[in-house]
Amino acid sequence: MTIKNILVPLDGTDATRPALEIALSVARKVKAHVDVLHVMTDSKSVVPLLGEGMSGNMIEEMIEFAEKETDERSTNARALFDSKCLEMDIPVANAPDGNGPSARWVEKVGREEEIVAKIGRLADMIVVPLPGPDPEPSVAMTVNAALFETGRLVLLAPAKTPQDFGEKAAIAWNGSVQSARALTAAMPLIENAKSTVIMTAASLRTEAEGAAQLAVSLGWRGLAVETKVLEEGGGPVGSELLKACEENGTDFIVMGAYTRSRLRQWILGGVTSYVLENAEIPVLMTR
């Protein structure tokens, strides 16, 4: 598995700036191409029930306002794309050549989550913002589309871009199919990291020796990794995982997403939900 084609939605707001920065940083590390996707809203789609209790002037005003906001976001997004490519010395290229990092501006009209779900399946990795505890609805929908509709590796970028991203990795391992998928998809970044620690929880659902077993498996790839067992009773697993990452100086986590259903996560809580709401470092996930 290699990472050669990265997709990052850019909506022209500050919320997606860190996602662009990390996407370009990864591209430099692994010599990948980045498609920077800007989705413009169809102004007519923002007018609910055209003609239902609304005058022609009201409809025109709503469309005009939507078009103005769309134009402003598009201008801001394109300016950010141009400035970041220049600042990070990323060539702009419309066709791949395989000789190094590059980026391309892609503009579409429609609903961002629907377009991300469709073209995200063509990418090796999708970069979106970490939603946090109270995300904007548009951000939450795009994150859900990336995680649940593409089958691809998703890098969730925190609000503050880390300076040393990619140096110290943590693998949150519970032996699930989702964890295995995430591990395989993120392997290019794990192999580039200077150090890696495997973290697993000793609980009724996971076996403590899973970390040691994975360490042996990665040893066949020439990777020397450390292991850490998060003991049951110290607190919620998600909280203990993030605490251990902070103590270790970890700058990105690799983990499976929603190994329990979203309904069970919502009712009972879960590691995925906790990490999405509270992580302050990049998280790489697959579903």
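Is the crossing of α7 and α9 left-handed or right-handed? In this predicted model, the crossing is right-handed. Two packed helices are described by the angle between their axes and the distance between the axes. Helix α7 spans residues 237–248, and helix α9 spans residues 271–278. Their axes lie 8 Å apart, at an angle of about 50 degrees. That makes α7 oblique to α9.

Now look at the residues in contact. From α7 come Val237, Gly238, Ser239, Leu241 and Leu242. From α9 come Val271, Tyr274, Val275 and Asn278. By class, the contact has six nonpolar residues, three polar ones and no charged ones.

Next, find Val128 in strand β4 (residues 125–129). Val128 has a relative accessible area of 1%, so it counts as buried. Its contacts include Pro9, Ala19, Thr142 and Leu156. Pro9 is 119 residues away along the chain, yet the C-alpha atoms of Val128 and Pro9 are separated by 6.8 Å.

Finally, turn to the aromatic rings. The count comes to three aromatic pairs. One of them is Phe148 with Tyr258. Their ring centres are 5.2 Å apart and their planes stand at 40 degrees, so the pair is tilted. Phe148 lies in helix α4, and Tyr258 lies in the loop between β9 and α8, so the pair ties together parts 110 residues apart in sequence. Phe148 is partly exposed, at 25% relative accessibility. Tyr258 is buried, at 10%.

Phe165 and Phe252 also pair, with centres 5.5 Å apart and planes at 55 degrees, so this pair is tilted. Phe165 sits in the loop between β5 and β6, and Phe252 in strand β9, 87 residues apart. Both Phe165 and Phe252 are buried.

Note on methods:
Residues numbered from 1 in each chain as written. Predicted model: local features only at pLDDT ≥ 70, side-chain atom pairs only at ≥ 80, totals over all residues. Heavy atoms only, no water. Axes fitted to C-alpha atoms, helices over the stretch in contact; angles between N-to-C directions. Helix = DSSP H or I, 4+ residues; strand = E, 2+ residues; numbered from the N terminus. Parallel < 35°, antiparallel > 145°, perpendicular 65-115°, else oblique. Left-handed = near helix turned anticlockwise from the far one by under 90°. Contact = heavy atoms within 4.5 Å. Nonpolar A, V, L, I, M, F, W, Y, C, P; charged D, E, K, R; others polar. Buried < 20%, exposed > 50% of the residue type's maximum accessible area, 1.4 Å probe, protein only. Phe/Tyr/Trp six-rings, centres within 6.5 Å; stacked < 30°, edge-to-face > 60°. Lists of a residue's contacts leave out its neighbours within four places in sequence.
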